[in-house]
Amino acid sequence: MENEKENTMDTSVKIPGDGDTHAQTGSSYNRKSELKAFDDTKAGVKGLVDAGLTRIPKIFIHDKLNLGKSGSADSNITIPIIDLAGVRKEAILHAEIVSQVKNACQKWGFFQVINHGIPESILDKMIDGIRRFHEQETEVKKRFYNRNYQTSKVLYNSNFDLHVAPAANWRDSLSCVMAPNPPDPEELPDVCRDIIVDYTKMAKELAFILFELISEALGLSPNQLKDMSCAEGLFCVCHYYPACPEPELTMGTSSHADSSFLTLLLQDHIGGLQILHENQWVDVTPIPGGLVVNLGDMLQLISNDKFKSVNHRVLAKNVGPRISVACFFRPQFQTEDSSRLYGPMKELLSEENPPIYGETTTKEFMTHSFSIGLDGTSALDYFKL
Ligand code: OGA
Ligand code: NI
């Protein structure tokens, strides 16, 4: 396995100024068993922080080249902010919003929306609920700990790609399949059950509007992407990034592009999310009441590169916790839609624009994407003709 090689090499990486004081360095380090030991605690990164550790375990230390924090974030550049007030009411306004969405999807792959229809009180309650989940008794939380995304609808773990990624991230996550076949409410953790149901219902309505706008921005009829089942599946991933004692050595989330069609992201006020824009990292500064929208690899594939799925990451910080909720819109493993074939849309192809990708199913795409984990490479390359 390719990553295996990198992992072994990782043990010889010298941490600057670390000397012999870093408990996990040295020849006795066995990455595989340390990953297993960490996984077996079922207490996540939060468990480590609660135990009061001041140096981070070696499994979390990233190769310096991958961290690339120096020269980060040019604060003069900001991603587009699109005001959705009145989007369905006035034709002129609607056309103007479509043109803003088109520009954002072509040039950025990311934008923020305001006046999107989800009340700020609901956003606050969702962040609060997710905090409560991660901060409840470990024994209660442990019941949700597992890694079987193919069969479980509600699961909590730390690093979905723990055993394949070159280095672990400073983050724990609760994941819930919320559409098309949501779990019985009793299967959701009781500390955040009602708000997850309420928030994801509203997120889905907003996603319908966004898919309509993106369809139009591609020059298609408003319903086209929805009719292709792009908005049918909703996978909701609720992240908790504890404050980190050595943030310069690790990452909250490694650089990656999402595999969804579309992602709607709610983040709290802490910050740390960055996107790679024209080869430099740009901060996605939290806006109170705002939501972040980004396109995923599946949308880039069906749009034949007309719209881009852009790499992004979350820095680890010495403040926190930071809480965020990513709603990924894509067919789910468990449904028939996951066997539906997607390829570059015929309407967008011409002699000058021949298809760049072959057809694939979201099942195949997700399986490939999960197998490489967040290692900074694009899952799309594999599907190029
Ligand atoms: C993700 C992601 C960003 C964040 O879950 O894919 O990019 O701010 N999350 O947590
Ligand atoms: Ni992402």
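Here's a quick look at the cysteines and salt bridges in this structure. Keep in mind that the model is predicted. It has 0 disulfides, while the salt-bridge count comes to 9. Three of those pairs are picked out below, along with how exposed their partners are.

**Cysteines**
- C192 can't pair up, because its sulfur sits 6.9 Å from the closest cysteine sulfur, in C238, and a disulfide needs the two within 2.5 Å.
- C192 is also buried, at 1% relative accessibility.
- C230 is buried too, at 0% relative accessibility.

**R147 and D39**
- These two side chains meet in a salt bridge, at 2.8 Å from N to O.
- The pair bridges distant stretches of the chain, 108 residues apart: R147 is in the loop between α7 (138–142) and β3 (154–157), and D39 is in helix α2 (residues 31–41).
- R147 is partly exposed at 24% relative accessible area, whereas D39 is buried at 12%.

**K46 and D50**
- Here the salt bridge runs 2.9 Å from N to O.
- Both residues belong to helix α3 (residues 44–50), and being 4 residues apart puts about one helical turn between them.
- K46 counts as buried at 13% relative accessibility, but D50 is exposed at 52%.

- R88 forms a salt bridge with E212, with the closest N and O atoms 2.9 Å apart.
- R88 is in the loop between β1 (81–83) and α5 (91–107) and E212 is in helix α8 (residues 193–217), so the pair ties together parts 124 residues apart in sequence.
- R88 is exposed at 54% relative accessibility, while E212 is buried with a relative accessible area of 12%.
- Through shared partners, salt bridges join R88, E212 and K226 into one network.

Methods: Residues numbered from 1 in each chain as written. Chains lettered and ligands numbered in written order. Predicted model: local features only at pLDDT ≥ 70, side-chain atom pairs only at ≥ 80, totals over all residues. Heavy atoms only, no water. Buried < 20%, exposed > 50% of the residue type's maximum accessible area, 1.4 Å probe, protein only. Salt bridge = Lys/Arg side-chain N within 4 Å of Asp/Glu carboxyl O. Helix = DSSP H or I, 4+ residues; strand = E, 2+ residues; numbered from the N terminus.
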